[in-house]
Amino acid sequence: MTSLEEARSLLREFPVVDGHNDLPWALRKIGYDLDARDISRHQNAHLHTDIPRLREGGVGAQYWSVYVRSDLPDAVPATLEQIDCVRQLLARHPADLAPALTAADMEQARRDGRIASLMGAEGGHSINCSLGTLRGLYELGVRYMTLTHNDNNPWADSATDEPNVGGLSAFGREVVREMNRLGMLVDLSHVAATTMRDALDTTSAPVIFSHSSARAVCDHPRNIPDDVLERLPGNGGVAMVTFVPKFVLQAAVDWTLAADENLRAHGFHHLDTSPEAMKLHRAFEERTPRPVATVSTVADHLDHMREVAGVDHLGIGGDYDGTAFTPDGLGDVSGYPNLIAELLDRGWSKTDLAKVTWQNSVRVLGAAEDVARELRATRPVSNATIESLDGREG
Amino acid sequence: MADLQDELHTTGGLDAVPDLFEDEPRAPVGDPDGTQLERARAVLAAHPVADGYSGLPWALRHLHWYDLELGESSVDTDVPRLRAGHVGALFWSLHLPEGIVRDRAVGATLEQLDLVKSVVGAHPDGLRLVCTAGQATDARHCGRIAVLLGPAQAAALDDSLGVLRALHSLGLRVLTLTGVSWAGQTGLTRFGEEVVREMNRLGVLADLSGASTDTVARVLAVSRAPVLFTRSAARALRPHPANLPDDLLAGLGAAKGLCMVPLTPEQTGPSVRAVADHLDHVREVAGPECVGLSGTFDAGTAHPQDLADASRYPHLIAELLHRGWTESQIALLTWGNVQRVLRGADFTARAAQQRRQPSTARIADLDG
């Protein structure tokens, strides 16, 4: 049996729990026209994600990101629309996608041969500094919240913004405690290392990194420093390795910096995707070929993360449909078997791989539920405000 | 007793079962020799009030250290007074103060929904959150006062049908169609019509108190589910803008909607008799199956003499008995009509879901 066949066979028993997929955002960009992007058929021309390729990739559970932009005032209503989109997808594909809110739901979906579908909110801006809104999102099914996206929010610093409150503010710590009480996982992807450490100091439940890799392997702020990885065994959490080339491959990091600089030098914002900006970008790419990450690049991260955090604290978060580029061999959601095959070739045991693909991520949600059950008995609902805790407007 | 009832998990499964008991003929429960007030209490014991509007959520928002179970003097509504008044169900308003609009209205409405849930959760012996007619009846059979979520303001949608669906799944059942571009003085826009159709598909009732004449006319034409006026009396008796002229009351009667008369002096007059005059008038013009009650307590308004809080309903019912209302008419007024309208919303929703997908319409597409 080739290692790829072996990987597929392993995934049939212990499928992938993926921590982050931006399909809802991709659908939002086309006005949620779910008929135009029927994911029960191949959508290779438009998306990284559809049901046939999820099946091919051995995905057994997916956290659908209900990401919305952090630079507009409509984050709360937009997040509700994203949640509504996920619910519509689940209603349309009941044979393939199983609504899941708990670890038990995930296991049931695995037994039924369906893809457990969970939701994660990407950025504290989605609650607009309101714990009542946080509880609303929980009730609507959101089971993790990334504390920030690319920008700071008033109570937490982002990895890709200037230091502001120096990690978590007092209100930020209260958000973490209320998430613990609810049983919503605290997601530390995207946040500053200071925020990671503050959150680990505050939380009484395991945390996740829904899509982050190792900073020691590739020095990018979106990745996790070793001192934080080292704390995962004590916390019980899971770091879900991401594939995004500009985070995992040093040459791609450097290339992206140069490409961004090129856009800025011509007076554009580095995230501008207007035709003029794209034209400049393509010209740059012709002059300077884009470095390509591979399955091996991602495996290097997992090797390191296993060494530092231990195999019980690893998972996978592809960030499909949330990134323009993908590594060779991991071009869309059908690619996971290639990564598992690579790890088999590197000598990872099947027992360890079952932890990485399925068991760790299911365990962490179950542990958050256990903590919530205890906290709900002892801790009252928090209605703290940012004004009362941080002494200023949110 | 309460402990025993805690063990009864009767809520699920009953939603879909029509409440057969309601339609059975009942022997009069009133004692013909007693006073009208005693008769009123007896009738209300069998047919409690389903109150169309309570401002309690906003009143509680900034109140600390309260207890509705034991009695709370800082508000007009608490469990002892609801029980004394024979209130069996209440619509808890999620209306916001003026000036909270767009994305802030969505967030504030989520906070109000959250607050209602934690208040109801903190009073499990007195209150129970319900979403359907069947659940309301079930709560009553378990000795609990049913709390329904709504009305919320149309602004709470931020012009988004996705937000409407999210709020519905959080329990919202009534939406007031005023104060937005798609339901204004000139009636419903195309997007407004789509909102009403989506409300029908979900089972969210339209509240038209305060809506423009054109909006009312258009909603009555478009909506397949019965509509509510959660706070409207008779304009023939009192010229308040939210009160309904006779032609509209007649139209409401034909559409089998529900006019819920508020207990506020501005809209009905300062006495029990003034309120009864409005109830008489609405019954006459719209019909006995189209009239209801709306305490409007804790909503920042004054109340008629002798109707100062939720415990005073028997005084109003006694006046109606005195005026010759039959027990079956009172049963419709207090409980039956609200049950019918809630059930109508559910039936409409079930039928609509067979033939309509969730609407992806956006206001920019339809209203330009």
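## Two helices of chain B that cross

Let's start with helix α13 (residues 272–286) of chain B, which packs against helix α14 (residues 313–322) of chain B at an angle of about 60°, their axes 10 Å apart. Axes here are lines fitted to C-alpha atoms, for helices over the stretch in contact, and angles run from 0 to 180 degrees between N-to-C directions. Helices are DSSP runs of H or I with at least four residues, strands are runs of E with at least two, and both are numbered from the N terminus. That angle makes α13(B) oblique to α14(B); under 35 degrees counts as roughly parallel, over 145 as roughly antiparallel, 65 to 115 as roughly perpendicular and the rest as oblique. The crossing of α13(B) and α14(B) is right-handed, a label used if the near helix is turned clockwise from the far one by less than a right angle, with anticlockwise being left-handed.

On the α13(B) side, the contact uses B:Val272, B:Arg273, B:Val275, B:Ala276 and B:Leu279, and α14(B) brings B:His315, B:Leu316, B:Glu319 and B:Leu320. Contact means that the C-beta atoms of two residues, placed from the backbone, lie within 7 Å. Sorted by class, six residues in the contact of α13(B) with α14(B) are nonpolar, one is polar and two are charged. Nonpolar covers Ala, Val, Leu, Ile, Met, Phe, Trp, Tyr, Cys and Pro, charged covers Asp, Glu, Lys and Arg, and the others, Gly among them, are polar.

Residues are numbered from 1 along each chain as its sequence is written, and chains are lettered from A and ligands numbered from 1 in the order in which they are written.

The pLDDT is the predictor's confidence in each residue, from 0 to 100. Chain A has a mean pLDDT of 97, with 99% of its residues at 70 or more; for chain B the mean is 92, and 91% of its residues reach 70 or more. Watch out for residues 1–27 of chain B, where the pLDDT is below 50, though this stretch has 21 contacts in the model beyond near neighbours in sequence. Where pLDDT is low, the predicted coordinates should not be read in detail. For the complex, the predictor gives an ipTM of 0.95 and a pTM of 0.93.

## Where the chains meet

The contact between the chains takes 21 residues from chain A and 20 residues from chain B. On the chain A side, the elements giving two or more residues are α4 (75–92) and α6 (131–139). Of these, α4(A) gives the most, with seven residues. By class, the side of chain A that touches chain B has eight nonpolar, seven polar and six charged residues.

## A mostly covered helix in chain A

Helix α15 (residues 336–345) of chain A is mostly covered, with eight of its ten residues buried. Buried means 20 or more other C-beta atoms within 10 Å of a residue's own, exposed means 12 or fewer, and partly exposed is in between, with C-beta atoms placed from the backbone. What covers the buried residues of α15(A) includes α1 (3–13), β1 (16–21), β2 (59–65), α14 (295–309) and α16 (350–378) of chain A.

A:Leu4 is found in helix α1 of chain A and touches A:Pro337 and A:Ala341, not counting residues up to four places away in sequence. Both A:Pro337 and A:Ala341 are among the buried residues of α15(A). A:Leu4 itself counts as partly exposed, because it has 15 C-beta neighbours inside 10 Å.

## Backbone spots worth a look

A:Tyr32 is in the loop between α2 (23–28) and α3 (51–56) of chain A, and A:Asp319 lies in the loop between β9 (314–316) and α15 of chain A. A:Tyr32 is buried, with 22 other C-beta atoms within 10 Å, and A:Asp319 is buried with 24.

Over in chain B, the peptide bond from B:Gly150 to B:Pro151 is cis, with omega near 5°. B:Pro151 is found in the loop between β4 (145–149) and β5 (152–153) of chain B.

Terms used. This is a predicted model: local features need pLDDT of at least 70, side-chain atom pairs count only at pLDDT 80 or more; totals for chains, interfaces and linings use all residues.
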